[in-house]
Amino acid sequence: MILHLDLPQNGYDIILERGCLARAGELLKLDRRVLIVTDEGVPSRYAAAVAAQCKDATVVTLPQGEGSKSFACLEQLCRTMMERGFTRTDCVVAVGGGVMGDLAGFAAASYMRGIDFYNIPTTLLSQVDSSIGGKVAVNLDGVKNIVGAFYQPRRVLIDPDTLATLPHRQIANGLAEAVKMAATSDADLFAFLEAGGETTDRMRVIEGSLRIKKYIVERDERESGLRKILNFGHTLGHGVEAAEHLHGLYHGECVALGMLPMCAPAIRPRLQALLERLQLPTQLNGDLESMLDAAAHDKKCDGNDISVVWVDRIGSCELRRMPLASWKDEIRRYYQK
């Protein structure tokens, strides 16, 4: 299946196909110098399969985890390209999850003011969300994605077969982002997930999530309006991620915790029941105040105000601007009840 993300400039195809990793040389332009960026948590055979289809491949394997989305790793990638004689006609390929996609994409955007970038997401979270849309970034001083750019890939290859190696917790981590998409934009997809559809037809979940994000990005590439709804659950979620003592939580698990306070009380039981069935957290542990303080550094904050996404009914949402203090009180009321 080919989904085309149609943009005024730099539109691209998203290939969703079982086994397409083995066809990377046919589907991507790899007859040049290629920097393949992966991490230690990704089976090495995935990067090796891509490298075998390149004319001149360099594979960089970084430590697994959010810590690799740093200036030090960005420098390492750019320095590697410089030392290997990369030019503007060469390219970068990310093979891994959202961390690798964000980092490799930012390196591609930065090196020589921009070279081609391809994304091959191998986690469910990156397949349903972060691999498309062009957001690339690194973290700074514990603040997620605070330094970055909009830089669209030339093509995205999504091979669901790569999910076979993931443990259940990582699958649930990705499903949290699918729940986010469905809660804000697609009541039918939400009902499909409630019925356990992800256990029998994961392709339907991936395709449905991609179609939602594709629709939104095509109408608001640089997040000036509509695209902000993709941040549902992320403001508090990023604060939870930034809390030092909770680094053990995955991104999707943090987003799950961020969604529950930001929806109408009437639909919270449905959302909570779905998250619990997927084995995602619904109870917040740790120092809530430190999480709220960390969330105050989020890009969605503007002075003393914050933009939040509120789901009033399943499949529908609205953007709200509210005082930061009021938002914090809303979170406290929910988690300190």
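Here, a residue is called buried at under 20% relative accessible area, exposed at over 50%, and partly exposed in between, using a 1.4 Å probe and counting protein chains only. This is a predicted model, in which local features need pLDDT of at least 70 and side-chain atom pairs count only at pLDDT 80 or more, while totals for chains, interfaces and linings use all residues. Residues are numbered from 1 along each chain as its sequence is written, and side-chain values use heavy atoms, with hydrogens and water left out.

**The open sheet**

- Helices (H or I, at least four residues) and strands (E, at least two) are DSSP runs numbered from the N terminus, and two strands pair if DSSP finds at least two bridges between them.
- Seven strands build an open sheet with mixed pairing, and their order is S1-S2-S9-S6-S5-S3-S4.
- S2 and S9 run parallel and are joined by four bridges, with isoleucine 14 having valine 156 in S9 as its bridge partner.
- S6 and S9 also run parallel, joined by two bridges, and here asparagine 119 has valine 156 in S9 as its bridge partner.
- Strand S3 (residues 33–39) pairs with strand S5 (residues 91–96) in the parallel sense over four bridges, and leucine 35 stands opposite valine 92 in S5.

**Helices on the sheet**

- Helix H4 (residues 98–110) packs on the sheet and touches S3, S4, S5 and strand S6 (116–121), where contact means heavy atoms within 4.5 Å.
- The direction of H4 makes about 175° with that of S5.
- Helix H8 (residues 202–219) packs on the sheet too, touching S1, strand S2 (12–16) and strand S9 (155–158), and its direction makes about 20° with that of S1.

**A hairpin**

- Strand S11 (residues 305–313) and strand S12 (residues 316–323) pair in the antiparallel sense over seven bridges, and arginine 313 stands opposite serine 316 in S12.
- Two residues lie between the strands of this hairpin, and glycine 315 takes a positive phi near 90°.

**A buried helix**

- Nine of the nine residues of helix H10 (residues 251–259) are buried, so the helix is largely enclosed by the rest of the structure.
- Among the buried residues of H10 are His251, Glu253 and Cys254.
- The buried residues of H10 pack against several helices, including helix H5 (124–130), helix H6 (168–185) and helix H13 (324–335), and against S8.

**Salt bridges**

- A search of the whole structure finds 29 salt bridges, each being a side-chain nitrogen of Lys or Arg within 4 Å of a carboxyl oxygen of Asp or Glu.
- Arginine 155 and aspartate 13 meet through their side chains in a salt bridge (3.0 Å, N to O).
- Arginine 155 lies in strand S9 and aspartate 13 in strand S2, so this pair ties together parts that are 142 residues apart in sequence.
- Arginine 155 is partly exposed at 21% relative accessible area, whereas aspartate 13 counts as buried at 18%.
- Aspartate 116 and arginine 32 form a salt bridge as well (3.0 Å, N to O).
- This pair links strand S6, which holds aspartate 116, to the loop between helix H1 (24–27) and S3, which holds arginine 32, 84 residues apart.
- Arginine 32 is buried, with a relative accessible area of 8%.
- Arginine 321 forms a salt bridge with aspartate 305, with the closest N and O atoms 4.0 Å apart.
- Arginine 321 sits in strand S12 and aspartate 305 in strand S11, 16 residues apart.
- Both count as partly exposed, arginine 321 at 47% relative accessibility and aspartate 305 at 28%.

**A nonpolar surface patch**

- Phe71, Leu140 and Ile146 make a nonpolar surface patch of about 240 Å², with areas from the Shrake-Rupley method.
- Patches are made of residues with over 30% relative accessible area and no salt bridge; like charges are joined within 9 Å and nonpolar side chains (Val, Leu, Ile, Met, Phe, Trp, Tyr) within 5 Å.
- Isoleucine 146 is found in strand S8 (residues 143–150) and is partly exposed at 37% relative accessible area.

Methods:
Axes fitted to C-alpha atoms, helices over the stretch in contact; angles between N-to-C directions. Areas by Shrake-Rupley, 256 points an atom, 1.4 Å probe, with all protein chains shown as cover.
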